[in-house]
Amino acid sequence: MPNRSVHDFLTVASSVIVSPITYSVLYSTQELREWAPVVAALVFVSHNVSGILFSPDLDMDTHIHKRWGMFYVLWIPYQMVIPHRHFWSHGLVIPPLLRLGYFFWMILLCLYVIETIAAYFGVHVPALQQTVTQGVLSLVIQNPVHTVSIAAGFVTGAAVHSIADWLVSGGTKLLRMLFIPPTRGMQKKAMAQQTVPSRWLFDPFSSDSPHHV
Ligand SMILES: [Zn+2]
């Protein structure tokens with residue numbers, strides 16, 4: 001699979017394509033025209049945040065963790081629980097939104113721990129987790145267009161990474177299939193089936209995963 005700098009480049013380069021396309025599509029639709037600039041901007045930002053900070057490689061790449069500085073600890077449980085190079089980290093649509101939800105729950109957990117420790121020492125602190133939850137929920141409910149735009153950017157940012165992994169691991173093998181004759185006893189068709197697994201992109205129960213090259 002591509003290394004970090006290639007993934008970062010692909011994330012930024014694709015955002016420069018995805019965002020103007022989003023703008024053009026919305027601007028050409030009369031009812032959505034007024035939303036075009038803000039949606040395109042939100043998709044641009046969330047696409048890059050998803051690909052660079054919330055990268056699918058948070059499942060095992062400690063260099064991605066380092067981008068979070070001291071907050072890298074938030075991702076340790078994720079790394080321990082999520083299967084490496086699998087649908088739950090590299091699949092399309094659900095995994096990037098799962099990372100966003102996981103991050104939100106970890107923030108709430110941290111606030112709960114702070115409140116509990118403060119209460120233990122007799123220090124009264126306001127119920128921060130409830131305040132944050134209510135604030136986020138009301139923002140989501142009152143701003144559905146912004147919410148959907150951010151979610152869409154998160155999905156596209158991660159999808160570029162996952163598809164790049166799939167193309168490189170599958171593509172390399174595809175090249176091998178094209179240029180290297182199948183070994184004796186292995187039909188070319190069987191080799192093709194074996195070489196480009198993609199089910200892990202969509203299926204949570206798949207045992208397939210992208211290959212390292
Ligand atoms: Zn990856």
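This is a predicted model: local features need pLDDT of at least 70, side-chain atom pairs count only at pLDDT 80 or more; totals for chains, interfaces and linings use all residues.

Reader: How many residues does α6 have, and how far does the helix reach?

Author: Helix α6 covers residues 94–120, which is 27 residues. From first C-alpha to last, α6 reaches 38 Å, close to the 39 Å expected at 1.5 Å a residue. G122 follows α6, with a positive phi near 75 degrees.

Reader: What is the secondary structure of the protein chain?

Author: The chain has 9 helices and 0 strands. Along the sequence the pattern reads α-α-α-α-α-α-α-α-α.

Reader: How do I describe a packed pair?

Author: In general, two packed helices are described by the angle between their axes and the distance between the axes. Here, take α1 (residues 4–27) and α2 (residues 36–52). Their axes come within 8 Å and cross at roughly 160 degrees. An angle over 145 counts as roughly antiparallel, so α1 is roughly antiparallel to α2.

Reader: Is the crossing of α1 and α2 left-handed or right-handed?

Author: Right-handed.

Reader: Which residues meet in the contact of α1 with α2?

Author: From α1, they include V12, V18, Y23 and L26. From α2, they include V39, V43, F44 and I52. The contact residues divide into 13 nonpolar, 8 polar and 1 charged.

Reader: And the chain as a whole?

Author: Buried residues make up 26% of its 213 residues. Among contacts between residues at least 6 apart in sequence, 68% join residues at least 24 apart.

Methods: Residues are numbered from 1 along each chain as its sequence is written. Axes are lines fitted to C-alpha atoms, for helices over the stretch in contact, and angles run from 0 to 180 degrees between N-to-C directions. Helices (H or I, at least four residues) and strands (E, at least two) are DSSP runs, numbered from the N terminus. Angles under 35 degrees count as roughly parallel, over 145 as roughly antiparallel, 65 to 115 as roughly perpendicular and the rest as oblique. A crossing is left-handed if the near helix is turned anticlockwise from the far one by less than a right angle, and right-handed if clockwise. Two residues are in contact if their C-beta atoms, placed from the backbone, lie within 7 Å. Ala, Val, Leu, Ile, Met, Phe, Trp, Tyr, Cys and Pro count as nonpolar, Asp, Glu, Lys and Arg as charged, and the others, Gly among them, as polar. The expected span of a helix is 1.5 Å times one less than its number of residues. A residue is buried if 20 or more other C-beta atoms lie within 10 Å of its own, exposed if 12 or fewer, and partly exposed in between; C-beta atoms are placed from the backbone.
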